[in-house]
Amino acid sequence: MCGTIDSWLLWNLTGGTHTTDVTNASRTQLMNLKTLAWDDELLALFRIPRSMLPRIASSSETYGVASCTALKNIPIAGILGDQQAALVGQTCFNSGEAKNTYGTGCFMLLNTGDQPIESKAGLLTTVAYQFGKQKPVYALEGSIAIAGALVQWLRDNLRLIENSSAIEALARNSKRQR
């Protein structure tokens with residue numbers, strides 16, 4: 001068996017449920033974005049047996065019940081990828097709404113509605129979320145690998161700023177100087 005980190009966690013929490021959701025499956029780039037199933041052509045190309053992959057489910061349904069002592073009998077009913085969870089958490093439920101998150105990296109997700117849109121600018125097309133049996137919602141994602149870490153580096157190593165929040169004033173000032 002193989003899968004995503006969420007499928008591994010679910011397996012361990014439930015004592016054997018081998019499932020992932022559409023957001024995490026889409027990130028493997030082995031899932032067909034239109035059918036929401038593992039892509040037979042890609043699986044054949046990489047010689048990955050479908051039987052070793054987790055079942056693909058929606059982002060919100062009951063996948064199983066925890067069997068571990070601390071969580072015994074608690075239903076596990078939501079699995080979303082990290083950035084997709086931030087999109088939902090920021091309530092970007094309408095096409096055209098976007099969120100940016102800043103941590104180690106910077107990630108922008110733009111809700112594109114119920115149809116996957118291919119980017120002409122190098123953004124990644126992904127599943128944003130799917131609630132139960134509803135149609136999936138898609139997104140375009142752009143990422144900068146070290147945005148947050150760069151701010152920390154400017155603060156701690158170069159000492160160009162005293163605290164991380166000072167970066168906003170620098171950014172605003174650089175706009176005015178153009």
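Buried means under 20% relative accessible area, exposed means over 50%, and partly exposed lies in between (1.4 Å probe, protein chains only). Helices (H or I, at least four residues) and strands (E, at least two) are DSSP runs, numbered from the N terminus. The model is predicted: local features need pLDDT of at least 70, side-chain atom pairs count only at pLDDT 80 or more, and totals for chains, interfaces and linings use all residues. Residues are numbered from 1 along each chain as its sequence is written, and side-chain values use heavy atoms, with hydrogens and water left out.

**Exercise 1.** State which residues of α4 are buried and what covers them.

Solution. 
- Step 1: the buried residues in α4 are Q83, Q84, A86, L87 and V88.
- Step 2: their cover includes α2 (22-27), β7, β8 (106-113), β9 and β10.
- Step 3: just after α4, T91 has a positive phi of about 55°.

**Exercise 2.** Describe the aromatic pairs that involve F93.

Solution. 
- Step 1: rings of Phe, Tyr and Trp (its six-membered ring) pair if their centres lie within 6.5 Å; planes under 30 degrees apart are stacked, over 60 edge-to-face, and the rest tilted. A search of the whole structure gives 3 aromatic pairs.
- Step 2: F93 and Y129 are edge-to-face, with 5.8 Å from centre to centre and 90° between the planes. F93 sits in the loop between α4 (82-89) and β7, while Y129 is in strand β9 (residues 124-129), 36 residues apart.
- Step 3: F93 has a relative accessible area of 37% and is therefore partly exposed, whereas Y129, at 5%, is buried.
- Step 4: F93 and F131 are also edge-to-face, at 6.2 Å centre to centre and 70° between the planes. F131 lies in the loop between β9 and β10 (137-144), so this pair ties together parts 38 residues apart in sequence. At 26% relative accessibility, F131 is partly exposed.
- Step 5: ring pairs join F93, Y129 and F131 into a cluster.

**Exercise 3.** Locate G16 and give its distance from S67.

Solution. 
- Step 1: G16 is in the loop between α1 (5-14) and β1 (19-21).
- Step 2: the relative accessible area of G16 is 30%, so G16 is partly exposed.
- Step 3: G16 and S67 are 51 residues apart in sequence, and their C-alpha atoms are 9.4 Å apart in space.

Terms used. Contact = heavy atoms within 4.5 Å.
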